[in-house]
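Please look at the sequence and the structure before reading on.

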Amino acid sequence: MGAHPPPSSTGAGGTPTTTAVPPVGDPGGGATGGQSPDGLQAGLKNRHLSMIAIGGVIGAGLFVGSGAGIAAAGPGILLSYALTGLLVVLVMRMLGEMAAASPTSGSFSAYADRALGRWAGFTIGWLYWFFWSVVLAVEATAAASILTGWVPAVPQWAWALLVMVVLTGTNLISVGSFGEFEFWFAGIKVVAIVIFIVVGALAIFGLPPGDDPVGVANLTGHGGFLPHGPGAILSGMLLVVFSFMGSEIVTLAASEAPNPVQAVRKAVNSVIWRIALFYLGSIGVIVTLLPWNDKAVAKSPYVAVLESLDIPYAGTVMDIVVLTAVLSCLNSGLYTASRMAFSLGERGDAPKSFATVNKGGVPAVAIYASVAFGFVATIFSYTSKDTVFQFLLNSSGAVALFVWLVICFSQLRMRRTIERETPERLTVRMWLYPWLTYATIAMIVFVVGYMFYDPDGRKQMVLSVIAAVVVLAVGLLLDRRRPRDRDAAGTKGA
């Protein structure tokens, strides 16, 4: 089955174009006339894109979920984060190469459509939408849990409803309002992490707020750097790999910026230091200052560090930071899900109404559809937490790995197309192409295989594969029906 040519920027139902890499506005890669190449309003400012790129790698999972990784791998979790971070850097480089050549709200789904076939774009696009729609429920529930602790008189479900309604409203007004909220949400996260690292580094060297230099005692003691053996590095990777999901959001958002090519290039070039600083830097502070097997570290590592340094109101401060991270993830998750739904509608892989925009230039129907699924999933998180909701979580859990694999295979094919047809747009290049792309594919396949082997990851991978197979089957069925539908329509019209 060959690659399906992308629809034109006129939206769903428009005449398909045969250009593999469609125009992206002016020669400099900017959108023209205040609209993105997809017809969306180009309302994101450079500072919005910069903060989305920086904050995109800082999810609530870093603050909350990192404790489980530390407990599983000890100080060796640093190697887990480093290897996973390397994987993300390589995948983002490939995605950046394609996004700089052709910015689009569909990002890797649209590229898979062109490079691998319509079935691939359909499958990975809907899986990605499914993932972020489930994330909406996870983050709304997490936010409600924190807010209920502050104001117990308000039921938890009411807080979840409130945050969903408020952030849905900001997304519906304009893409600029989404960008403004995300700018401040991400800004708070970034400032909090930087302050944490600075304070922790001072304490490590025996400066206030610490007492004496810590040295490497906590890195080498308590069973050593790898207390559970080298295999724990891979187990740690399984726990942290999904916290990196979100790095790719900037490639979707770039199409709604005045200069998408410049935004993509800047984001891709900065991904290395972002991962090194926010992940390796903050986790390094934790495992250096405190014993990895401290129960407080497993529960809430960042709070444990602050409390060990006698920082007043450490728990409340981290609750505020975590709430900000949760709201940021909810805000960007709704944006991401709606833009993917918009792109699917534009390509004829979702209802055509998904590809329509309101007066503010945002895809209102796609937003409503995404948040509706999120609302239903949120209800299940309260009524069927251990059954239906757990199934939704597990069946979407490995989508990150599927997305990365699709990006790799798409880049292998699109690179040749870009070099042949529009070489001037190859402003971001994957290093050591194609060999480093092949190596990245091998790394991802190895992680997938290890998930099948690992008892904790097996259920998640099996259910995710089942979900992917179901979506793929639907995509293949629709792909086979479309030519017959067109022929039938043509005969009827004749």
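## Crossing of H5 and H6

A crossing is left-handed if the near helix is turned anticlockwise from the far one by less than a right angle, and right-handed if clockwise. In this predicted model, helix H5 passes helix H6 in a right-handed crossing.

Two packed helices are described by the angle between their axes and the distance between the axes. Helix H5 (residues 107-115) and helix H6 (residues 118-150) meet at an angle of about 160°, and their axes lie 6 Å apart. H5 is therefore roughly antiparallel to H6, as angles over 145 degrees are counted in that class.

## Residues at the contact

On the H5 side, the contact involves Phe-108, Ser-109, Ala-112 and Asp-113. Their partners in H6 are Arg-118, Ala-120, Gly-121, Ile-124, Gly-125 and Tyr-128. By class, this contact of H5 with H6 comprises 5 nonpolar, 3 polar and 2 charged residues.

## Surroundings of H5

H5 is largely enclosed by the rest of the structure, because 9 of its 9 residues are buried. Among them are Tyr-111 and Arg-114. The buried residues of H5 pack against H6 and also against helices H4 (77-101), H11 (249-253), H15 (314-346) and H18 (399-421). After H5 comes Gly-117, which has a positive phi near 130°.

## The protein as a whole

The secondary structure consists of 20 helices and 0 strands. Of the 494 residues in the protein, 57% are buried. The protein exposes about 19600 Å², of which carbon and sulfur atoms supply 68%.

Key: Residues numbered from 1 in each chain as written. Predicted model: local features only at pLDDT ≥ 70, side-chain atom pairs only at ≥ 80, totals over all residues. Heavy atoms only, no water. Axes fitted to C-alpha atoms, helices over the stretch in contact; angles between N-to-C directions. Helix = DSSP H or I, 4+ residues; strand = E, 2+ residues; numbered from the N terminus. Parallel < 35°, antiparallel > 145°, perpendicular 65-115°, else oblique. Contact = heavy atoms within 4.5 Å. Nonpolar A, V, L, I, M, F, W, Y, C, P; charged D, E, K, R; others polar. Buried < 20%, exposed > 50% of the residue type's maximum accessible area, 1.4 Å probe, protein only. Areas by Shrake-Rupley, 256 points an atom, 1.4 Å probe, with all protein chains shown as cover.
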